[in-house]
Amino acid sequence: MDLTLLAQGIVSGVLASGLYALVAVGLALAIGVIGVVNFAHGEFFMVGAFLAYQLFVSFGFDPLLSLLFVAPALFVIGAVIYLSTIRFVLRAPELNQMLLTFGIGIVLQNLALLIWGGDPRTISNVPYRSVGYQMGGISVGLVPLGSFLISLVLVVALYLVLARTPLGRAMRAVAQNRIGASLVGLEVDRIYLVAFALSALLAGIGGVMIAVIQSPTPTVGFAFTLKAFAIVVLAGLGNIRGIVWASLTVALSESLVATLVPNGDALRNAVFFAIIFVVLVLRSRRTA
């Protein structure tokens with residue numbers, strides 16, 4: 001086995017895990033606090049990518065600068081979607097909720113196809129996109145490294161918000177017992193609104209990063225929805241604390257398969273399906 005190739009696969013997996021954690025933690029927030037399995041989560045990611053692309057094309061905004069506009073825009077989009085659709089199915093059967101969010105995802109995806117078309121869109125002429133470092137035969141790109149660091153900071157910041165702020169304590173209280181939280185004076189509907197909008201914001205920030213790392217298409221969100229679900233299932237539904245290690249597991253597995261297995265790049269998208277299958281089988285045996 002080529003040790004340099006193995007090390008490259010590990011480094012690439014670790015760097016990718018930051019972005020995966022950022023996207024998955026938003027999904028886990030929606031599931032854990034609101035109790036809604038959001039199949040449109042990846043489309044918020046996609047919208048963030050295309051907003052960053054449009055800001056770059058129309059106004060020449062650097063992607064880092066566009067974060068200042070994309071993040072609040074996704075927060076507002078998430079809030080509007082919650083108020084206009086999600087809040088009406090909170091007490092409906094889970095199938096109704098999943099079908100609604102799936103439909104929202106299809107609408108957003110088709111809107112993106114109408115506006116930007118189906119071709120990949122590239123943010124070119126960004127000087128740091130091609131910058132990389134070589135360390136003992138291992139290549140580390142500046143953009144993946146920056147994406148990892150930004151994602152890590154945001155995930156840690158979310159943990160701190162949930163653990164140490166009144167809003168975070170309110171979210172945890174609502175997640176544990178909605179009725180009890182309302183009895184002690186918490187505005188449950190407002191907390192749901194903030195949690196869903198924050199979930200969309202985190203996904204949108206991830207989309208800005210992917211717009212620089214690769215050339216996104218309107219269907220890019222679906223792949224990241226599946227990856228986020230694999231991570232959430234591995235961590236445990238609603239378990240935000242386990243997202244980091246689950247993201248690292250999924251990203252490393254995907255990267256090592258793509259790097260070490262012959263024709264592995266074609267198989268990398270099967271990794272999270274295999275993880276979901278194995279986890280669900282093992283958990284079903286434990287509860288049997």
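A residue is called buried when its relative accessible area is under 20%, exposed when it is over 50%, and partly exposed in between, as computed with a 1.4 Å probe and protein chains only. By this definition F196, at 1% relative accessibility, counts as buried. The structure is a predicted model, in which local features need pLDDT of at least 70 and side-chain atom pairs count only at pLDDT 80 or more, whereas totals for chains, interfaces and linings use all residues. Residues are numbered from 1 along each chain as its sequence is written, and side-chain values use heavy atoms, with hydrogens and water left out.

The chain contains 11 helices and two strands, where helices (H or I, at least four residues) and strands (E, at least two) are DSSP runs numbered from the N terminus. Read from the N terminus, the order of the elements is α-α-α-α-β-β-α-α-α-α-α-α-α. The radius of gyration of the chain is 19 Å, close to the 19 Å given by the globule rule for 288 residues, so the chain is as compact as a globular protein of that length. Here the radius is taken over C-alpha atoms, and the rule is 2.2 Å times the number of residues to the power 0.38. Along the principal axes, the C-alpha atoms fill a box of roughly 60 × 55 × 35 Å.

Of the 288 residues in the chain, 44% are buried. The accessible surface comes to about 14000 Å², and 68% of this surface belongs to carbon and sulfur atoms. Accessible areas come from the Shrake-Rupley method with a 1.4 Å probe; for residues, only the protein chains shown count as cover. Among contacts (heavy atoms within 4.5 Å) between residues at least 6 apart in sequence, 75% join residues at least 24 apart.

The buried residue F196 is placed in helix α8, which spans residues 188-213. With residues up to four places away in sequence not counted, F196 touches I34, N38, F44, G78, I81, Y82 and I86. The C-alpha atoms of F196 and V33 are separated by 8.7 Å, although these residues are 163 residues apart along the chain.

In the loop between α8 and α9 lies T217, which counts as buried at 18% relative accessibility. Its contacts, not counting residues up to four places away in sequence, are M46, F50, G118, D119 and P120.

Helix α9 (residues 220-235) holds K227, and F224 lies in this helix as well. F224 counts as buried at 5% relative accessibility, and K227 is buried with a relative accessible area of 9%. Leaving aside neighbours within four places in sequence, F224 is in contact with L19, Y20, V23, F45 and I210. On the same terms, K227 touches Y20, E254, N269 and F272. The C-alpha atoms of F224 and R91, 133 residues apart along the chain, are separated by 27 Å.

The axes of helix α5 (residues 142-164) and helix α6 (residues 166-176) come within 5 Å and cross at roughly 80°. This makes α5 roughly perpendicular to α6. Axes are lines fitted to C-alpha atoms, for helices over the stretch in contact, and angles run from 0 to 180 degrees between N-to-C directions. Angles under 35 degrees count as roughly parallel, over 145 as roughly antiparallel, 65 to 115 as roughly perpendicular and the rest as oblique. V161, L162, A163 and R164 in α5 meet P166, G168, R169, M171 and R172 in α6.
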